[in-house]
Amino acid sequence: MSASPLVAYPTDTLKVNSRPTASPLKRPISAAPSSDGTPRPPVQAQPTRPHATMDLAEQMNDDEKRKWVKGKKLGEGTYANVFAAHLRTDPSQKAAIKKIKVQKEYRDGMAPDALREIKHLQELNHPNVVRLISVFSSKDQNLNLVLEYLPLGDLEDLIRNVNTYRYGAADIKAWMGMLCRGVWFCHENFVLHRDIKPNNILIAANGEAKLADFGLARSFSDPAIPMTTNVITRWYRPPELLFGARHYSGAVDVWSVGLVFAELIIRSPFLPGDSEINQIDCICRAIGTPTEENWPGVTKLPGYAVAGETVPVYGKDAYMGRFGAVGADGVDLLMKTLVLDPRKRITAREMLEHKWWRSEPKPTRNEDLPRKTKGGLEKMAADLKRVNPMEEDNRGAKVARKLDFGAMKK
Amino acid sequence: MSRKPAVAPRASIGGGGGGVPGALAISSDDMCPVCKTIRYLNKDMEFLINPECYHPMCSNCVNRLFNDGPNQCPYAGCHQTLRRKGFRSAFFGDLTVEREVDIRRRVAAVFNQVEDDFETLGDYNDYLQQVEDLTFDLVFSGADEGRRRKAEANLQQWEAEHKADIERNKKAGREADETARRRLAAEREAARQRRLEAAREAEEERLERVRSNEEALDQLAKGDGAAKVQLKRRGQQGRPVAAPAPEADGAAEVTGAAGRLSIRGLKEKKRAPESTGPYDPFAGYDFHPDRYKLRDAFASDWLDGFARDPKHSTGGYDVREYYARAMFDAFSGMGVFIGDEKETGSLDMSAREVADFGAGMAAEQSGPVVAPSIRMEVDDVFA
């Protein structure tokens, strides 16, 4: 129960009333809010409800909290725990509850990352952006974010487990399509994600990839308002942030998308710098050194520092060797996302307009994408999925249909 | 039999092998109990058993002892007469299991009635229970020789009395197996045909697409006006379930319908519409503003300064994005009436969303109506 410390409770007078139900949490579920979510007016019919002590906001919070049944812990992060959950009224409606830990630095208010996440996710509704279903606070004023349930892991999982998952150009195209749509939607609504990386791209039960973790998101800045450069996980951080530019745009996310793209193809991080200096070095060596010629004004950026010889920006041939798996059009798109000068970098919208999406192969359908398997696949799905239609179904040929000891030895 | 291995005699050994303790299980670093050869000396050592007594010994011993005809089991206290022919390697590591499986196989060959042979399910279950009891007696009555003997006798008697029935059931069972095998083969063949069919259709579809693309290109080459048709058609195919556009061009509609006719079976209802038509990278979403026109530049002394400021532009900051956002903020929410949407549910998603968000966010539902898509533009406190 979240109780604002400012409210003085007339506890003495109400004690008699509230005794029969020891805790409001033990109240039967009859008070669940109506299906359209309209909060109930303060109910007089139930005199035992200790709601007289709660103001309307607390009461609504309580109703919201009561809608969900928290299950087992799914994971723990640095600033939040994630629990499985489902609707009290309909257990088949699953969700994940992200319970923000109380952080020492922000004891007096909400953690900024949680606030960012709520602020932006509540506005964004797109199939490729994780959905924030509800927010409530639990005891100790802990924030709980009810998020869409995404049971099939993340993209990092798929990339790293080289032996477990095999995928091809069509699968990459499908994932990239979903990622680009998510990013494009955010940008179209003037939200910078600022932490795009494979393990922030989660996979829903139907195979749909969704952009998650808006803990670093913010809206596009007004002119003259500087933004922090200390965002985006280092490997996916664009050169303008590494050079300390305080005014930037959606191009920072596009760079990250490009690196995710590269990582999907080569199945290892493309630019794994171990420090910021080293990250710049990685970029210079793998893509080219930022200079006044290819990026006018770059030398004036506060953090501009490139070591060693100037490496000319690589051309298409250099990329074809390493990323040729996605075809010439795919490499073209990759190169456009990895342009050093953010002004010349492709935008999220232009990415979706790129010709790669229309060239062969066609992106894999969601249901056919490689995924974490739970048990065997259905036969129908399996035989429609086979890449080579002529391939024979020999999978179960050596497995006995039933235990037949007679066949063992005659 | 001059030399008998000093294996402790087992009281229960005899007959069909009264009971073989689990201690006889073969392990990889075993030693042959008869000749004491260890695997270290003979890598290829193979243990053989004879279902008469299930005593394991290495193949060399078997050859040595039984090549010249039947002989007594070399184990101390075991008086079974074994033949070379009866030896085989054990299928299971645990010889008690090996023995049980042998027995069960033998019983199953005799008691091979199926459910159809009985009047009621209860009868069938009773029969199964009886058979299991008998099997259990045969397998586990190690110490109680009498019970085992009795069960053995029962089995033999039944076999003798019902020879004809057993033979008939055996034949029926074989036939059932055969039909099952044939059915499986037929299923596999059907699946193969399905896949072939799918491949053929995919090819046809591809050709169709190529043809329509060429057509469109021809049209484009002919005149300017055709471009609009082309764009419209593309959009239509991309949408999952597009309502027929009222002003749609006749030609465009025909192709659209033809593209959709390739639905094959009802089971694939869900995926068929998705798989037709070209991939739409935008998945049907479109955010082009329809209430205002976004220009490349808007005259403003304040903004022009930033547009020229290298500090802003070098990092990729684009004043045009600010224009877009300002315009978006100014116009979003126009034409949105929460009341209507809630009642009619006309916007299938947002009506519910509005309610959801209303519950979660709004402090007062009955207060002034706030459009859901208005973004609350408070100055961001986090730089």
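## Two helices of chain B

In α2(B), the residues E100(B), I103(B), R104(B) and V107(B) meet V131(B), L134(B), T135(B), L138(B) and V139(B) of α3(B), where a contact means that the C-beta atoms of two residues, placed from the backbone, lie within 7 Å. The residues of this contact divide into six nonpolar, one polar and two charged; Ala, Val, Leu, Ile, Met, Phe, Trp, Tyr, Cys and Pro count as nonpolar, Asp, Glu, Lys and Arg as charged, and the others, Gly among them, as polar.

The axes of helix α2 (residues 95–110) of chain B and helix α3 (residues 121–140) of chain B come within 10 Å and cross at roughly 140 degrees, with axes fitted to C-alpha atoms, for helices over the stretch in contact, and angles taken from 0 to 180 degrees between N-to-C directions.

## The model and its confidence

This is a predicted model, in which local features need pLDDT of at least 70 and side-chain atom pairs count only at pLDDT 80 or more, while totals for chains, interfaces and linings use all residues. Residues are numbered from 1 along each chain as its sequence is written, and chains are lettered from A and ligands numbered from 1 in the order in which they are written.

Chain A averages a pLDDT of 79, and 78% of its residues score at least 70; pLDDT is the predictor's confidence in each residue, from 0 to 100. Over residues 1–48 of chain A the pLDDT is below 50, and this stretch has 53 contacts in the model beyond near neighbours in sequence.

## Chain A as a whole

The secondary structure of chain A comes to 12 helices and nine strands, taken as DSSP runs numbered from the N terminus (helices H or I, at least four residues; strands E, at least two). Of the contacts in chain A with a separation of 6 or more, 63% are between residues 24 or more positions apart.

## A sheet in chain A

Five strands of chain A form an open sheet in the order β1-β2-β3-β5-β4, with antiparallel pairing, where two strands pair if DSSP finds at least two bridges between them. The edge strands are β1 and β4 (132–138) of chain A, each pairing on one side only, and the twist averages 30 degrees from one strand to the next.

Strand β1 (residues 68–76) of chain A pairs with strand β2 (residues 80–87) of chain A over six antiparallel bridges, and a hairpin through three residues joins β1(A) to β2(A).
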